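Here are some friendly notes to read alongside the structure. Take the points one at a time and look up each element as you go.

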Amino acid sequence: MKALRWHGARDLRLDEVPDPPEPRPHEAVVEVSWCGVCGTDLHEYLEGPHMIRTGPHPLTGAAPPLALGHEFSGSVLALGSEVPGIAVGDRVAADPVWRCGVCYWCARGEYHICPRSGSVGLASPGAFAERVTVPLAGLTRLPDNVSDEMGALAEPLAVGLHAVTRAGVRPGDNVLVVGGGPIGVAVVLAARVAGAAGLYVSEPLAGRREMLGALGVTEAFDPRTADVRREVFLRTGRIGPDAVIDATGVAALAGQAVATVRRGGRVVLAGVGHGKAEIDMGQLVFYERSVLGTLGYRFDIPRVIGLMSAGRLDASALLTGRFPLDGGVGVFEGLAADRARHLKVLLTPKGL
Ligand SMILES: [Zn+2]
Ligand SMILES: [Zn+2]
């Protein structure tokens with residue numbers, strides 16, 4: 001079968017590889033319909049390895065070269081064990097997180113922070129391929145009214161839903177989202193589902209602010225020309241937002257988020273950041289603010305699919321491009337040259 005494999009930084013190749021083997025008891029094999037390009041994938045492409053291990057992954061044993069891709073939908077080809085409610089041939093989305101299943105965190109249901117965890121497409125061959133092996137426990141059947149394209153968007157939306165859950169957003173809250181890229185838009189959509197009354201976004205790109213306006217956010221500010229902290233403060237009865245959710249991962253913005261959230265409010269860092277952030281301790285302690293990290297999701301993908309099926313979550317604004325897997329190398333090159341042109345791009349091995 002064809003697979004778009006990572007061989008090293010700036011070295012993606014459309015390779016001919018063997019089909020996945022028969023699934024083991026905790027695995028399933030899925031025939032891929034669509035798979036989204038994530039910021040993580042671009043990061044690996046541009047300057048990896050980051051999440052990819054150069055040697056065998058401690059849990060899966062997989063090593064590069066391997067296919068990227070962890071945001072996908074498809075249909076079940078083979079099940080390693082029986083699963084209630086899922087049969088061969090069913091259309092599915094999948095939680096791509098491999099977990100050990102026995103550690104302290106897995107036992108608590110916090111499999112997303114299992115020390116040995118890893119994702120399909122980073123810790124094992126991914127879904128930029130015709131077929132992919134996935135964790136059996138992660139399968140969710142797609143209802144008839146959720147398309148394969150929308151099913152592939154469930155994973156990034158789950159990241160937004162988990163961040164909003166971490167932020168404790170309640171009906172009527174005011175929320176500021178920093179960054180209107182794919183994660184920011186997923187957070188916006190999830191915050192609205194959670195009942196946010198005031199939904200503010202800080203985003204420097206005019207095109208993205210326009211799109212956010214069309215999505216119905218309360219107001220989208222350009223942080224280069226507006227004092228976002230003050231503008232949101234004035235629009236929230238001189239209180240400030242209940243939650244600030246950073247979707248940029250830019251270390252310099254963390255301290256600003258702390259200074260912006262209301263007294264007693266929560267800052268959630270959802271962007272993938274690495275550097276050191278400077279936070280004024282007085283801003284935290286004297287105003288009893290909280291700063292939390294958020295990683296991926298846990299059990300959020302089925303919730304997203306339920307919301308989509310119920311008509312409560314329309315993810316179509318995220319989807320800005322569809323391409324055949326055959327042209328995948330060019331798609332990555334294009335995104336690397338101009339990330340702002342797209343929010344979420346999907347690739348399909350089935351042809352358009
Ligand atoms: Zn992702
Ligand atoms: Zn574990």
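**Notes on the predicted model**

1. Let us start with two residues: Cys38 and Glu71 are both buried, where buried means under 20% relative accessible area, exposed over 50%, and partly exposed in between (1.4 Å probe, protein chains only). This is a predicted model, in which local features need pLDDT of at least 70 and side-chain atom pairs count only at pLDDT 80 or more, while totals for chains, interfaces and linings use all residues. Residues are numbered from 1 along each chain as its sequence is written, chains are lettered from A and ligands numbered from 1 in the order in which they are written, and side-chain values use heavy atoms, with hydrogens and water left out.

2. Which protein donors does the zinc ion (ligand 1) have? They are Cys38 (SG), His70 (NE2) and Glu71 (OE), at 2.1 to 2.4 Å from the ion. Donors here are N, O and S atoms within 2.8 Å of the metal (3.2 Å for Na, K and Ca); water is not among the atoms, so sites may look incomplete. Along the chain, the donors of this zinc ion show the spacing C-x31-H-E. Cys38 sits in the loop between strand S3 (27-36) and helix H1 (39-47), and Glu71 in strand S5 (residues 71-79), so the pair links distant parts of the chain, 33 residues apart. Helices (H or I, at least four residues) and strands (E, at least two) are DSSP runs, numbered from the N terminus.

3. Next comes an open sheet of three strands, ordered S2-S1-S4 with antiparallel pairing. Its edge strands, S2 (11-16) and S4 (66-67), each pair on one side only. Two strands pair if DSSP finds at least two bridges between them. Strand S1 (residues 2-8) and S4 are joined by two bridges in the antiparallel sense, and Trp6 has Leu66 in S4 as its bridge partner.

4. Now look at the other open sheet: six strands in the order S13-S12-S11-S14-S15-S16, with parallel pairing. Strand S13 (219-221) and strand S16 (290-293) are at the edges with a single partner strand each, so one side of each has no neighbour in the sheet. On average, neighbouring strands of this sheet are turned by 20° against each other, direction ignored. Axes are lines fitted to C-alpha atoms, for helices over the stretch in contact, and angles run from 0 to 180 degrees between N-to-C directions.

5. Is strand S11 enclosed or open? Five of its five residues are buried, so S11 is largely enclosed by the rest of the structure. Asn174, Leu176 and Val178 point one way from S11, while Val175 and Val177 point the other way. Strand S11 (residues 174-178) runs parallel to strand S14 (residues 243-246), with four bridges between them; S11 also pairs with S12 in the parallel sense, over five bridges. Leu176 has bridge partners in both: Val244 in S14 and Tyr200 in S12.

6. Finally, helix H6 (residues 228-235) lies across S11, strand S12 (198-202) and S13, at about 160° to S13; contact means heavy atoms within 4.5 Å. The axes of helix H3 (residues 148-166) and helix H9 (residues 301-309) come within 8 Å and cross at roughly 115°. Residues of H3 including Met150, Leu153 and Leu161 meet residues of H9, among them Ile301, Val304 and Met308.
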